[in-house]
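Please load the model and follow along.

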Amino acid sequence: MSQTINNRIQALRALFSQEGIQAFIIPSTDPHLSEYVAPHWKSREWISGFTGSAGTVVVTTTKAGLWTDSRYFLQAALQLEGTEIELYKEMLPETPSISTFLSMQLAPGDTVGIDGKMFSAEAVENMRVKLQKQRIRLKSISDPLDQLWTDRPPMPEGPAFIHETKYAGKSSTEKISIIREELKKCNAKALFLSALDEIAWTLNLRGSDVHCNPVVVSYLLIEEQHTHFFIQPQKITPVVANYLKGIGVSLHPYEEVETYLNRINVDSLLINPAKTNYAMYSAVNPNCRIIHGASPVTLL
């Protein structure tokens with residue numbers, strides 16, 4: 001297995017030149033910044049062999065490292081044995097941060113690649129500021145593992161199902177009405193939700209997309225008069241389709257969310273940059289004013 005991991009790292013490095021990068025960072029998240037993810041997004045596990053729920057792999061042209069916390073020090077050491085990936089134990093005084101490591105390994109003018117869907121807008125901005133001090137650029141690219149991971153599991157396709165109001169406490173219609181009242185308080189005309197638990201709560205929908213997490217992979221956009229739900233069509237049963245139509249929710253394919261955000265026609269949009277990935281944040285129509293703030297769903 002260790003040789004397989006080393007081969008995967010070499011294959012990733014072989015793509016660096018065509019992307020114009022000298023390093024690439026692979027976190028443990030999905031486009032919704034979840035800690036526990038569906039198999040389709042276990043990229044860090046695939047590239048490293050480390051199966052813990054939290055960790056980040058950094059690959060440069062000459063080095064590779066895994067950063068993880070104390071829950072996984074022993075496990076990571078065992079699973080990385082025989083590979084070229086070095087273990088970096090987070091929160092220990094002698095352990096460099098990822099930004100510091102990159103500053104030490106790269107030269108001014110070099111570029112670090114990331115998949116913008118796997119990092120929050122807030123994290124990207126923080127990283128960019130730190131790397132700029134060493135004149136190192138940060139560049140969002142398409143996920144290179146799409147080319148390398150030939151037997152990658154598909155995106156989860158399990159159907160969504162309705163969580164009845166008698167268990168949820170309030171209907172989705174009531175919840176969306178309350179959310180709109182909260183948006184008025186911060187002068188926002190719309191709210192973009194990416195966190196899967198917030199979407200499940202708002203729509204009273206559940207699913208089986210992530211092990212032990214009853215959520216449905218999707219995005220939700222709530223405007224003053226309309227609500228837009230971005231989800232793979234095959235996950236919507238006739239029963240759920242009728243339910244969503246009845247509460248005034250429009251369905252869109254999951255893959256069309258960036259295009260929709262790019263064309264969004266509202267004056268202002270509330271986004272939590274800590275819970276929204278960089279690609280979605282960057283896709284918002286520049287004519288729309290972005291308001292940074294906690295989602296009212298979190299507080300509700």
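## Cys 212 in its loop

Cys 212 sits in the loop that runs between β9 and β10 (219–223). This is a predicted model, and in it Cys 212 takes a positive phi of about 65° although it is not a glycine. Most residues other than glycine have a negative phi.

Is Cys 212 buried or exposed? Its relative accessibility is 67%, and because the cut-off for exposed is over 50%, Cys 212 counts as exposed.

## Asn 204, another positive phi

Asn 204 also has a positive phi, here about 55°, and it is not a glycine either. Its place is the loop between α10 (196–203) and β9 (205–206). Asn 204 has a relative accessible area of 1%, so it is buried, whereas Cys 212 is exposed.

Thr 60 belongs to strand β2 (residues 56–60). With a relative accessible area of 1%, Thr 60 is buried.

Which residues does Thr 60 touch, leaving aside those up to four places away in sequence? They are Arg 13, Phe 16, Gln 22, Ala 23, Phe 101, Leu 102, Gln 105 and Leu 106.

## Where α5 meets α6

Leu 102, one of the residues touched by Thr 60, also takes part in a helix contact: together with Ser 99 and Ser 103 in α5, it meets Met 127, Lys 130 and Leu 131 in α6. The residues of this contact divide into three nonpolar, two polar and one charged.

As for the geometry, the axes of α5 (residues 98–105) and α6 (residues 121–132) come within 10 Å and cross at roughly 35°. The crossing is right-handed.

Methods. Residues are numbered from 1 along each chain as its sequence is written. This is a predicted model: local features need pLDDT of at least 70, side-chain atom pairs count only at pLDDT 80 or more; totals for chains, interfaces and linings use all residues. Side-chain values use heavy atoms; hydrogens and water are left out. Axes are lines fitted to C-alpha atoms, for helices over the stretch in contact, and angles run from 0 to 180 degrees between N-to-C directions. Helices (H or I, at least four residues) and strands (E, at least two) are DSSP runs, numbered from the N terminus. A crossing is left-handed if the near helix is turned anticlockwise from the far one by less than a right angle, and right-handed if clockwise. Contact means heavy atoms within 4.5 Å. Ala, Val, Leu, Ile, Met, Phe, Trp, Tyr, Cys and Pro count as nonpolar, Asp, Glu, Lys and Arg as charged, and the others, Gly among them, as polar. Buried means under 20% relative accessible area, exposed over 50%, partly exposed in between (1.4 Å probe, protein chains only).
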